[in-house]
Amino acid sequence: MSDAELKERHMAATETVNTRRDRLKQKRLLLDTDVLLGTRSQGKTPVTFGPTDLVCCWTLQGHTGKVYSLDWTPEKNRIVSASQDGRLIVWNALTSQKTHAIKLPCAWVMTCAFSPNGQSVACGGLDSMCSIFNLD
């Protein structure tokens with residue numbers, strides 16, 4: 001292969017690399033979550049929230065162990081949480097107040113859920129038991 005042919009192949013390969021690099025930058029830009037939200041990475045454009053956007057949340061404190069599971073009522077106004085401390089706590093999601101604290105017979109609870117009507121909670125865990133509690 002002559003020097004001219006090598007230079008020509010080198011130029012073609014360089015052009016291919018540069019084209020692919022530009023396409024990759026464009027794809028990354030499209031996938032950038034900041035761009036999707038209408039902001040830039042430098043933070044120069046602030047994010048604005050509409051009146052229905054959740055911009056603040058409550059920190060629900062009451063468990064003394066790791067929280068393994070939680071569930072919302074169908075109305076989205078109450079939360080039940082199950083923790084390593086062996087308790088189910090039902091919270092008013094709007095005020096962050098505890099409405100029920102249920103001591104479980106075994107601390108190995110792994111999951112919890114509301115019933116479809118929101119009047120009962122169920123939990124289960126490593127003790128191979130399912131427990132159902134009426135909240136009324």
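## Ser81 and its setting

Ser81 sits in strand 2. Strands (E, at least two residues) and helices (H or I, at least four) are DSSP runs, numbered from the N terminus. The model is predicted: local features need pLDDT of at least 70, side-chain atom pairs count only at pLDDT 80 or more, and totals for chains, interfaces and linings use all residues. Residues are numbered from 1 along each chain as its sequence is written, and side-chain values use heavy atoms, with hydrogens and water left out.

Is Ser81 buried or exposed? Ser81 counts as buried because its relative accessibility is 5%. Buried means under 20% relative accessible area, exposed over 50%, and partly exposed in between (1.4 Å probe, protein chains only). The side chain of Ser81 makes a polar contact of 2.7 Å with the side chain of His63. A polar contact is a pair of N or O atoms within 3.5 Å; within protein, one must be able to donate a hydrogen and the other to accept it, and residues adjacent in sequence count only if both atoms are side-chain atoms. Ser81 is also the bridge partner of Leu70.

## The chain overall

The protein chain holds 2 helices and 7 strands. Along the sequence the pattern is α-α-β-β-β-β-β-β-β. The chain has 136 residues, and 23% of them are buried.

Four strands form an open sheet in the order 1-2-3-4, with antiparallel pairing. Strand 1 (67-72) and strand 4 (98-103) are the edge strands, and each pairs on one side only. On average, neighbouring strands of this sheet are turned by 15 degrees against each other, direction ignored. For such angles, axes are lines fitted to C-alpha atoms (for helices, over the stretch in contact), and values run from 0 to 180 degrees between N-to-C directions. In a regular strand, side chains alternate between the two faces of the sheet.

Two strands pair if DSSP finds at least two bridges between them. Strand 1 and strand 2 (residues 78-83) run antiparallel and are joined by 5 bridges. Strand 3 (residues 87-92) and strand 4 also pair in the antiparallel sense, over 5 bridges. Ile89 has its bridge partner, Ala101, in strand 4.

## Turns and loops

Strands 3 and 4 form a hairpin with 5 residues between them. In that turn, Ser96 has a positive phi of about 65 degrees.

Lys76 lies in the loop between strand 1 and strand 2. Its phi is positive, near 65 degrees, and Lys76 is not a glycine. Lys76 counts as exposed because its relative accessibility is 53%. Ser128 is in the loop between strand 6 and strand 7 (130-134). Ser128 has a positive phi of about 60 degrees, although it is not a glycine. At 70% relative accessibility, Ser128 counts as exposed.

## The cavity

How many cavities of 30 Å³ or more does a search of the whole structure find? The search finds 1. A cavity is a set of points, on a 1 Å grid over the protein atoms alone, where a 1.4 Å probe fits but cannot get out; lining residues have an atom within 4 Å of a point. The largest cavity holds about 70 Å³ of space. Grid points are joined across faces, edges and corners, and a volume is the space filled by probe spheres set on the points.

The lining includes Leu104, Trp108, Cys123 and Met129. Strand 6 (residues 120-125) gives the largest share of the lining, 3 residues. By type, the lining has 7 nonpolar, 3 polar and 1 charged residues. Ala, Val, Leu, Ile, Met, Phe, Trp, Tyr, Cys and Pro count as nonpolar, Asp, Glu, Lys and Arg as charged, and the others, Gly among them, as polar.

How values were computed:
1 Å grid on protein atoms, 1.4 Å probe; cavity = no way out; pocket = protein on both sides within 12 Å on 5 of 7 lines; lining within 4 Å.
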